[in-house]
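Please keep the sequence and the structure in view while reading.

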Amino acid sequence: MDPAGFAGLFQALTQEQLTDQQVASLEAWLVALSSRGNCLGIVEQAARACPCPHCGCGRRHRCGQANGLQRYRCMACTRSYNALTGTPLARLRHRDKWLPYLQCLIDSRTVRDAARRVDVARSTSFRWRHRFIAGVRRERPAQLAGMVEVDETYLLESQKGSRTLNRPARQRGGKAARRGVSHELDCILVARDRARVTHEFVTGRGPVSARQLARHLLPVLRCDVLLISDGAKAYGTFAHAANITHEALNVRAGVRARGAMHLNNVNGWHSRFKTWLRRFNGVASCYLANYTGWQRVLDAARLALPAQWLWVGVAGSHR
């Protein structure tokens, strides 16, 4: 709008006697307008100088705008893209509500509660939850160093929300048919050093194997770490093959600590995760990795503002 037109509109508003409801609607409109502008600004800054998501080339030129975002054309593959192309946030609408919704994620609100607060459909709230979390959890913490505690915890496999079950339905979640660790349980592997840097992995069903440990742990461990675990044989086999110093605690025999070696930090993370997870009344196994990543980000307390979550979600997706 040109300055003269805005001045005329503002003059007309000042001469009208607005009701409380009209004032509230005008305030809500201004807040939404500001939120959309802030959101787009954060997205553009986070993806500044990002390479082409199609071929990885860093040479590009401007190619118009669409939906408020600058478009670019790659000089190598000639395909066009914007700051959200190739990220979990691509093609999501209602950008004026993204920052308020991210605050709901920081507050760990349920799908229905978040949908009610942000005024979107429940299906939109569910889709946004997993899109935003998928963007944030792509940024992995630094490598683990020093004394590293590693242990796994288990949750009963769930097909919550599925229209077709490959097993009989359970009553209110139910219990495993067999005692102990079986292939009815999803395994969550957590490694945590004394600096509270945490890496978590959903390894699949049943007890963790040495091959799974090698696939998940080797990229995040420094070569000079001291690995502390319980007495499961898989940890010893993995540590021997990877030439990593390893100490095992015979937890079954009641040995929970030996000097400075213990599993208190990683077991504390397990406890906080399961306590936090109860508010959602069960989660589907196919989304479990998103929830462990969500809890890791919350537990680290490094991202405290919605703008920080949006920045990491966009910037981390371009790496």
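**Charged residues in a predicted model**

At 17% relative accessibility, D113 counts as buried. The model is predicted, and 15 salt bridges are found in the structure. Side chains of opposite charge can pair when their charged atoms come close.

- D113 forms a salt bridge with R117, and their closest N and O atoms are 3.3 Å apart.
- Both D113 and R117 belong to helix α4 (residues 111-118), where four residues, about one turn of the helix, separate them.
- R117 is exposed, its relative accessible area being 53%.
- A network of salt bridges links D107, R109, D113, R116 and R117.

- R167 and E157 form a salt bridge with closest N and O atoms 3.0 Å apart.
- This pair links distant parts of the chain, 10 residues apart, with R167 and E157 each placed in the loop between β4 (147-156) and β5 (185-193).
- E157 counts as buried at 7% relative accessibility, whereas R167 is partly exposed at 21%.
- R272 forms a salt bridge with D299, with 2.8 Å between the closest N and O atoms.
- This pair also links distant parts of the chain: R272 lies in helix α8 (residues 264-277) and D299 in helix α9 (residues 288-300), 27 residues apart.

**A buried lysine without a salt bridge**
- K97 lies in the loop between β3 (80-81) and α3 (98-106).
- K97 is buried but has no salt bridge, because D119, the nearest side chain of opposite charge, is 4.2 Å away and a salt bridge requires a distance within 4 Å.
- The K97 side chain does reach the backbone oxygen of D119, at 2.8 Å.

Definitions and conventions
Residues numbered from 1 in each chain as written. Predicted model: local features only at pLDDT ≥ 70, side-chain atom pairs only at ≥ 80, totals over all residues. Heavy atoms only, no water. Helix = DSSP H or I, 4+ residues; strand = E, 2+ residues; numbered from the N terminus. Buried < 20%, exposed > 50% of the residue type's maximum accessible area, 1.4 Å probe, protein only. Lys, Arg positive; Asp, Glu negative; His and termini not counted. Polar contact = N/O pair within 3.5 Å; in protein donor to acceptor, adjacent residues only side chain to side chain.
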